[in-house]
Every structure is written in C-alpha cells, then in structure tokens.
Amino acid sequence: MAQDFQLAVREAVHDEAALKAALAEADIAPMLMVLVQLTGDLDILEEVAPYIHGAWSFLQSVPEPLKQKVRDRLVATLQDYATSKQIAPPQPPADVLQRMMSAGVGQPVPDEYIPLLLEEMRFGEEDTRAVRWHNDPAKLPPWDFKVIIIGAGFGGLCAAIRLKQLGIRFEVFEKNASVGGTWLENEYPGCAVDTPNHFYSYSFHVNNRWTQHFSRRDEILAYIEDVTRTYDLRPHIRFGAEATSAIFDEKTDRWQLTWRDAEGREESAACNAVISAVGQLNRASIPKITGLDNFSGPLFHTARWDRTVDLKGKRVAMIGTGASAMQAGPSIASDVAHLRIFQRTPHWAMNNPNYHRAVSNSNRWALEHIPYFSNWLRFQLFWASSDGFHASLHVDPSWTSSAVSLNEANHKMRELIVDYVRGELGGDEELLAKVIPSYPPYGKRMLRDNYWYRMLKRENVAPETDPISHVTAESIVMKDGTVHPADVIILATGFQASRMLWPLDIRGRDGHTIRDDWGDDDPRGYLGVTVPHYPNLFLIYGPNTNLAHGGSIIFHTECQVRYIVQALREMIERGYTTMEVRQDVHDQYNHRLDEKAQSMVWAHPGVTSWYKNDRNRITVTSPWRLLDYWGMMRHFVPEDFLVAKPGQKPEMPGQRADAVISADRLPVS
Ligand SMILES: Cc1cc2nc3c(=O)[nH]c(=O)nc-3n(C[C@H](O)[C@H](O)[C@H](O)COP(=O)(O)OP(=O)(O)OC[C@H]3O[C@@H](n4cnc5c(N)ncnc54)[C@H](O)[C@@H]3O)c2cc1C
C-alpha cells in the first residue's frame with residue numbers, strides 16, 4: 001500500500017461521482033478510520049465515537065449529517081493527497097491506533113491486542129506472517145531437505161505457499177481430484193461460511209470482491225483455486241493420492257510415506273518432514289442406526305451430497321440438526337414435499353444482520369479503491385468475531401442457574417436468544433420448548449440462524465425429538481413405534497473429529513503409533529502441532545485447535561504454519577536431522593490446557609458434542625483466546641524440543657537445559 005498509495009489515491013478520486021456514490025452507502029466505521037488515518041484528526045473520531053456501541057455497530061446508524069461530514073471530508077482529503085502528490089502518512093502510533101480501534105468497535109481494545117491486530121490488518125507491503133531465513137540462504141550449509149504435506153485444503157495450501165517462498169522442496173499429496181478440502185467436498189445446498197469472509201481468508205491474499213459477507217461454497221472454492229493459481233501450486237500437488245501410512249525410519253531419520261492412487265496402486269516416498277493438513281472435518285460420521293443399510297431409497301451424508309437425486313416432491317428425512325443441517329434444511333424445504341427433521345439435541349443459533357446480505361456495490365468499490373478501507377474492515381470483522389465472548393464462557397462457581405447457563409453474561413445471552421427464537425416462531429411455545437437447548441449457550445458450536453426457525457413453521461416441515469428405533473426399506477421407525485415413511489434420507493451427522501488423523505497409520509520412534517497413543521478419541525499435541533515420539537511430524541488443525549468461541553480456522557492455520565515453518569528453518573539452518581517435542585513440555589501444556597478447558601462451557605455436564613470424548617475431555621477445541629494462542633505460536637522456541645545432528649542422539653539444543661516450559665509462556669486468561 002505504501003508504494004502504491006499515490007496510485008490508489010489517484011484512482012479513488014479519478015471518478016468523483018463514483019467515489020461519492022460509493023461513500024454514500026459504504027460502511028461508516030471503516031470510512032471514519034480511513035479519514036482519521038489520512039488526516040490524523042482525532043476530533044472527528046471523538047465526534048462519531050459515541051454513536052458506535054458495539055463491534056457490529058458500524059451497521060447501525062450514525063446520524064446522517066455526521067456521516068455526510070465524514071464522507072465530504074474523506075473526498076476532500078483524498079483529492080488533497082492526489083493533487084499534492086503526498087506520500088502515505090506513517091502508520092499512526094500505537095496509542096492513536098488504540099483510540100481508533102476502540103472507537104471503531106465501540107468498546108475498549110486492550111493494548112495487548114494491538115500487535116496481533118496490526119499483523120492481521122497488514123497496512124504495509126510486508127507479508128507480516130511470512131518466515132524469512134535468518135541469513136542469506138546462499139550461505140546456508142548444504143541441505144537437501146524435502147517436506148511432504150498431506151492435504152490440499154486451506155491448511156496444506158498455506159504450508160505449501162510458505163515453503164515455496166523459502167525455497168524448501170515439498171510435495172503435496174491430496175486424495176481428491178482437486179484443491180479445496182472442506183470447500184470442495186461439501187456441496188450441499190446452502191453450504192456457506194459462518195465466519196465473515198473478509199477475514200475467513202488468508203491475511204496475505206486479501207479478496208476485496210466477495211459478493212456475500214458470508215459466502216457460499218462455490219465462491220470460497222473459487223477463492224482457493226485463485227490462490228492455487230496465483231502461487232502456482234498445482235505442479236507441486238499429486239492429486240488422487242491418498243496417504244495411507246507414514247513411518248519414521250530411525251536409521252535414516254526420515255519418514256517413509258505410502259500412498260494409494262485412484263486405481264488402488266500403492267507407492268511410497270521418503271522425506272525429512274511430514275506436515276499433516278488432513279483437517280478435522282474430513283471424515284464423515286455415519287450414525288449407528290439399526291437398519292440404515294436396508295433403506296431402499298437414496299441415502300447420503302451432507303458432505304457427499306448426491307446431486308443426481310432430485311428432491312422435488314420427495315418426502316425427505318434429515319437426521320441431525322447441527323451446522324450442516326442448519327444450512328441445508330432451509331435451502332431445500334421449499335422444494336421437497338415434506339421434510340422431517342430428526343433432532344437428538346438442539347443447537348443454539350444466533351441472528352447476524354449480515355448473514356444473508358450481499359456486499360453492496362458501494363462497499364466493494366470502497367474495498368477495492370479507497371486506501372486502507374479493506375484493512376479497517378478486516379479489523380472490524382476480526383474484532384467482532386474473535387475473543388469478545390471468551391470471558392463469558394467460563395463457569396462461575398457461585399452461579400445458581402448452573403444447569404442452563406454459566407454466569408450472568410451467559411445467562412443474558414440465553415435470554416436474548418430465547419427472545420429472538422420466540423419471535424421467529426411467532427410465540428409457538430410448544431415448538432420453542434423443542435428447539436431451545438437445556439445446556440448453556442456456546443456449549444456446542446454456536447450457529448448462525450439460516451431462517452431455521454421460520455422453516456420449522458412451514459406446513460411441510462416437522463421436527464421430531466423422540467429417539468429413532470430403526471430404519472426399514474421405506475421408513476424411519478421411532479422408539480414409540482411411530483412410522484415415518486421417507487423417500488430420501490440425508491445424514492447431517494457431522495464428522496469424526498476426535499478420531500484425528502484416521503485412517504492414516506502413523507508410526508514414530510520406539511514403536512509408537514498414533515492410534516495406540518491417542519486411541520480413537522483422545523488426541524493430544526503440544527500447541528496442537530507436535531507430538532512426542534514423532535520427530536519432524538507437524539500437524540495443522542490438530543488436537544485442541546478447533547475454534548468454538550469465535551475466530552476463523554484460517555487465522556489459527558496461519559499461526560500454525562508460521563510456527564511449523566520456523567521449526568523447519570531451525571532444522572535446516574542448524575543442520576538437525578530430527579526435532580521432536582519434549583515429553584515434559586507436551587505434558588505440562590496439556591495439563592494446563594485440560595484445566596482450562598474443564599472450566600469452560602464445552603465441559604458442562606449437560607453438553608454432548610464432538611468437541612469432547614466420553615470421559616468429558618475436550619479434545620478438539622481450543623480453550624485459549626485467539627490472542628493467547630497467537631502469542632504462544634508467534635516464536636518457535638527450540639528449547640521445547642530435543643534435536644539431533646547426523647549420527648547423534650536427540651538432546652536439548654544449546655546450553656539451556658533449564659529451559660523447561662515456563663509458566664509465563666502459558667496464558668492465564
Ligand atoms: C460445512 C463446513 C463449514 C465450515 N465453516 C467454517 C467457518 O465458517 N469458519 C471456520 O473457521 N471454519 C469452518 N469450517 C471448518 C473448515 O474445515 C476449516 O475452516 C478449513 O476449511 C479446514 O481446512 P484444512 O485444510 O485444515 O482441512 P480440510 O479443508 O478438511 O482439508 C483437508 C484435505 O486433506 C485431504 N486429505 C485428508 N486425508 C488425506 C490423506 N490420507 N491423503 C491425502 N489427502 C488427504 C482431504 O481430501 C482435504 O482436501 C467448516 C467446515 C465445514 C465442513
């Protein structure tokens with residue numbers, strides 16, 4: 001932006017009518033921030049700030065005359081910059097940025113967040129999360145290092161881009177015929193993000209042309225394909241290649257990866273390091289219902305949507321009421337003859353004013369043409385969807401309504417949502433009782449209401465809350481004997497998230513295997529990224545890295561990839577052949593993590609969810625604030641690892657044998 005600033009400013013003012021038209025409708029908060037950044041005028045900030053009351057409040061109305069003042073001044077300021085040919089103003093100092101940020105979201109933005117937010121917003125040209133060699137790579141000791149990445153979704157592609165930037169040799173193995181992972185496989189009607197797209201996207205590949213605030217699957221897939229083209233990644237990806245095993249060879253300190261191609265042929269290749277980017281939500285979960293196999297009509301999982309099945313006029317049974325059902329159900333309800341929804345436990349769902357809205361042309365124009373508008377919108381959305389609810393998800397031991405909520409704030413949220421749902425259901429208290437969870441809000445993934453409650457009021461939709469007994473060739477039979485005939489069954493039953501890395505056979509040092517170490521439901525890792533006894537193996541979206549209080553998985557992915565690439569840089573620059581996390585460091589981290597998670601909503605006794613196993617251990621989801629995780633992942637700490645040079649035994653690097661994981665590196669929030 002700094003170099004292109006003059007060009008951007010001249011383009012912005014080139015067509016004054018277009019500029020004014022865009023500003024007439026563009027979001028006020030990012031517009032105000034741009035004005036303050038370009039002028040340094042804090043008076044206008046103070047004048048508008050009292051009208052902004054919350055993180056989403058840029059959607060609400062600041063009085064029109066005040067808005068017009070901001071618009072007029074921004075036009076004049078941009079014109080000034082263009083005619084005077086001034087260069088971009090320096091980035092405001094931290095205290096000013098903090099005042100701006102706090103005003104923009106109508107709540108104090110603490111100091112500690114500023115570095116994270118600046119990194120996410122990326123004001124300058126610099127790719128803030130890229131890893132660079134410490135020294136001139138031409139002067140590095142000779143190295144011939146190869147990394148294998150498993151998976152070409154958001155995680156694997158991010159790793160591929162970073163390795164390519166450093167010139168580290170890599171190959172990606174992808175079982176599908178193309179890139180995209182989640183966004184390739186999930187084709188069900190209504191499939192979309194729940195996280196605003198202007199930050200559910202890489203910080204280093206900003207897209208100012210999203211057509212929706214919460215985009216649909218096709219648009220996200222197109223974005224992923226664009227990324228793949230831009231960084232020329234296809235030549236590095238072997239498609240139709242499903243990794244079946246990864247075995248660490250202690251004699252050579254290398255991994256041997258075996259994969260199966262589309263014709264079922266097996267081959268293998270050796271490499272120095274493996275990065276697993278297989279996703280948490282890639283293996284469908286099929287419920288164990290007696291007789292499911294006997295159903296004679298079409299039956300498919302939402303992640304394997306059968307496009308050849310025409311649902312028009314059919315009696316459809318949908319099993320499950322989670323995130324995919326929330327999107328698919330309302331999208332098919334008006335086409336089918338009848339939709340019967342089988343609910344085991346209800347979900348909480350909140351309304352978001354932008355969920356169904358297209359990005360206005362004005363906002364798109366402003367995002368593309370007005371300097372810094374896009375950075376400030378990213379900030380706004382990041383803040384609005386990040387750590388805001390985290391504090392309210394902790395159990396208050398003195399809270400007396402502990403069966404249904406955790407504390408006062410959580411209870412208020414409960415009441416707000418109940419009121420909203422009651423309104424959507426037109427006061428139908430019987431239906432309300434069926435769809436309001438008995439557990440506290442946020443116990444399971446908080447969904448975005450996709451007109452779910454209005455759908456339930458349709459004549460042709462029926463929610464069933466009684467338990468299913470079995471399935472016959474033509475129907476679903478309930479425990480009380482009621483028979484519900486169906487032409488099609490859709491399984492909206494989610495994924496085998498806890499059974500992480502399954503069905504890959506991963507074997508590390510000393511006979512360790514991932515399945516023996518983790519079982520089918522107890523994955524653990526240090527920072528979710530490394531596991532003791534598995535040298536040079538790194539995980540993206542591993543144990544306890546899913547997000548359930550806010551944020552975007554892509555943010556977490558970028559944190560993990562930076563950390564992993566820093567680790568690989570350390571190996572190459574120092575000539576290590578192996579690097580594996582210390583058991584004590586790993587155990588201490590997991591002890592702290594478990595303690596933290598147990599004090600939060602996901603461990604509430606009233607919740608059953610894919611976030612935890614049947615011993616009530618949270619295995620999938622991160623209990624940390626985004627800020628805390630970011631802090632832990634920012635700088636790779638070699639002393640957390642045992643390292644070895646060729647022919648040597650693994651040991652602590654350097655002299656810092658005292659460098660046990662220090663309590664101050666673990667968050668206290
Ligand atoms: C319907 C849906 C909506 C979602 N919405 C959001 C949202 O709004 N916000 C959010 O933050 N997250 C959301 N998520 C989570 C989403 O999974 C992540 O955001 C992100 O896409 C994960 O990317 P990934 O690359 O880590 O995993 P994936 O996208 O799952 O990619 C994994 C890749 O690995 C490949 N693979 C797996 N096993 C092997 C193997 N053995 N050999 C070779 N290749 C293999 C797969 O084929 C796949 O391409 C959603 C998930 C789903 C299912």
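Predicted model: local features only at pLDDT ≥ 70, side-chain atom pairs only at ≥ 80, totals over all residues.

Student: How many bridges join strand β9 to strand β10?

Tutor: β9 covers residues 315–319 and β10 covers residues 338–342. The two strands run parallel, and the number of bridges joining them is five.

Student: Which strands stand at the edges of the open sheet?

Tutor: That sheet has five strands with parallel pairing, in the order β8-β17-β9-β10-β13. An edge strand here has a single partner, so one side of it is left without a neighbour in the sheet. The strands in that position are β8 (299–301) and β13 (461–464).

Student: And what does the twist average from one strand to the next?

Tutor: Go along the order β8-β17-β9-β10-β13. From each strand to the next, the twist averages 20°.

Student: At about what angle to β9 does helix α11 run?

Tutor: Helix α11 takes in residues 323–332 and lies across β9, β10 and β17. Relative to β9, α11 runs at about 170°.

Student: Is α11 mostly covered or mostly uncovered, and how many of its residues are buried?

Tutor: Mostly covered. The cover over its buried residues includes β9, β10, β11 (349–350), β12 (447–448), α16 (452–456) and β17. Among the buried ones are Ser324, Met326, Gly329 and Ile332.

Student: Now the helix pair: is α18 roughly parallel or roughly antiparallel to α20?

Tutor: The axes of α18 (residues 553–574) and α20 (residues 626–634) come within 9 Å and cross at roughly 15°. Angles under 35 degrees count as roughly parallel. That's why α18 is, relative to α20, roughly parallel.

Student: Is that crossing left-handed or right-handed?

Tutor: Take α18 as it passes α20. The crossing is left-handed.

Student: How many nonpolar residues does the contact of α18 with α20 have?

Tutor: On the α18 side, the residues include Phe555, Cys559 and Tyr563. They and others in α18 meet α20 residues including Leu626, Trp630 and Met633. Besides three polar and two charged residues, the contact has a nonpolar count of eight.

How values were computed. Residues numbered from 1 in each chain as written. Heavy atoms only, no water. Axes fitted to C-alpha atoms, helices over the stretch in contact; angles between N-to-C directions. Helix = DSSP H or I, 4+ residues; strand = E, 2+ residues; numbered from the N terminus. Parallel < 35°, antiparallel > 145°, perpendicular 65-115°, else oblique. Left-handed = near helix turned anticlockwise from the far one by under 90°. Contact = heavy atoms within 4.5 Å. Nonpolar A, V, L, I, M, F, W, Y, C, P; charged D, E, K, R; others polar. Pairing = 2+ DSSP bridges. Buried < 20%, exposed > 50% of the residue type's maximum accessible area, 1.4 Å probe, protein only.
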